[in-house]
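This report looks at one protein structure. Please view the sequence and the model before reading on.

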Amino acid sequence: MTPEIFIKRQCKATFVERKEVIQSLWSGYGEIVRYAITTDLTNPSSSSIIVKHCTFPATTSHPRGWQSDHAHNRKVRSYEVEQSWYQNWASRCNESARVADCYGCYVDDQSGQRLTVLEDLDTSGFADRYVIDNDQHLLSCINWLAVFHAGFIHPNPGLEWPKGLWRKGTYWHLDTRQDEWLAMEEGELKSSAAALSNCLDSATFKTLVHGDAKVANFCFSTDAAVAAVDFQYVGGGVGVQDLAYLLGSALSEKALSENLMYLLEHYFSELGRELMAQGESQAFAQEVIDEWQYLFPIAWADFHRFIMGWSPTHPKNTAFSQLLTEQALSQLRGS
Ligand SMILES: Nc1ncnc2c1ncn2[C@@H]1O[C@H](COP(=O)(O)OP(=O)(O)O)[C@@H](O)[C@H]1O
Ligand SMILES: [Mg+2]
């Protein structure tokens, strides 16, 4: 099936034209392309859609040299999860946790080729991308996370949850990162990796985490409204996993150390407000906040553990990140 034929069918388009490639997918797994479509011959003005087109090359090349079946399978599964997200979950998002409308998903079982046809968020008013140190953009992302996490909160989920998504969201969690764990230097972080991960897994209050909530995966309007894309690693988790990763992606080490307390307070107050707006009691909201506040350094250290195995010379391995990780390890020692 060509993208053009699938788009025609799903969008009832009379005319489809490939415009530009927005981005190649990681490690040569496909591309994100903009198409112009015309849906009504009597009104020839065209509109625009985005297609995430995933293909699976026979040989994979990775910028850092990690190539294993494991990595390949994780990638394949991530595209499957993203389609499942758009087909079965995305419509449950509160309108303040905006995501793209999806016009159709296709998979060719033989080749593994996948097409996901999405609303073009640029033409829906979200044409801006993050620029460094834009406080308003960052606050909008934090608000998005708070609404998203509140909307999918789930105390004591069963084994089936969340159906069709990763049981554990994020692309860095320990179960899927054994190669990187083995590569870590010996020490307390390595020997505590499983304990950190268990702490997150055994949280009472679970929700869906976006799983790759870096600033590059948000699209902004001129008045800083925001929509999120890239749901390949969405799954069960605790909200602070997304928060820790978002903050690390948005801020320099200095800005992070100066503003962390304020930004955490902002997230937790929005989260509490959202939970109560949804009809939860204040006591419930407070329990969630207390648990996740405790888990913030743990979630931070869990990501830091990934960096220390994957690429210890990475710029994300900062002194401040080490400090937060040390705080998590001392929490573990005390527990
Ligand atoms: N529906 C969309 N509307 C507008 N831009 C989009 C849309 N989906 C993706 N993009 C743009 O393409 C980029 C890459 O898409 P993404 O799904 O994040 O792919 P990748 O998995 O390669 O990161 C995004 O960061 C965003 O800028
Ligand atoms: Mg992305």
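## Basis

This is a predicted model, in which local features need pLDDT of at least 70 and side-chain atom pairs count only at pLDDT 80 or more, while totals for chains, interfaces and linings use all residues. Residues are numbered from 1 along each chain as its sequence is written, chains are lettered from A and ligands numbered from 1 in the order in which they are written, and side-chain values use heavy atoms, with hydrogens and water left out.

## Salt bridges

The whole structure holds 19 salt bridges (a side-chain nitrogen of Lys or Arg within 4 Å of a carboxyl oxygen of Asp or Glu). One of them joins E20 and R34, at 2.7 Å from N to O. E20 is in strand β1 (residues 15-24) and R34 in strand β2 (residues 30-38), so this pair ties together parts 14 residues apart in sequence. Strands are DSSP runs of E, at least two residues, and helices runs of H or I, at least four, numbered from the N terminus. E20, R34, D120, D122 and R129 are linked in a network of salt bridges.

E180 and R177 form another salt bridge, with their closest N and O atoms 2.8 Å apart. E180 is buried at 6% relative accessible area (buried is under 20%, exposed over 50%, partly exposed in between, with a 1.4 Å probe and protein chains only). R177 is also buried, at 8%.

## Residue A285

A285 belongs to helix α9 and is buried, at 3% relative accessibility. Beyond its neighbours within four places in sequence, A285 is in contact with G272, L275 and M276 (heavy atoms within 4.5 Å).
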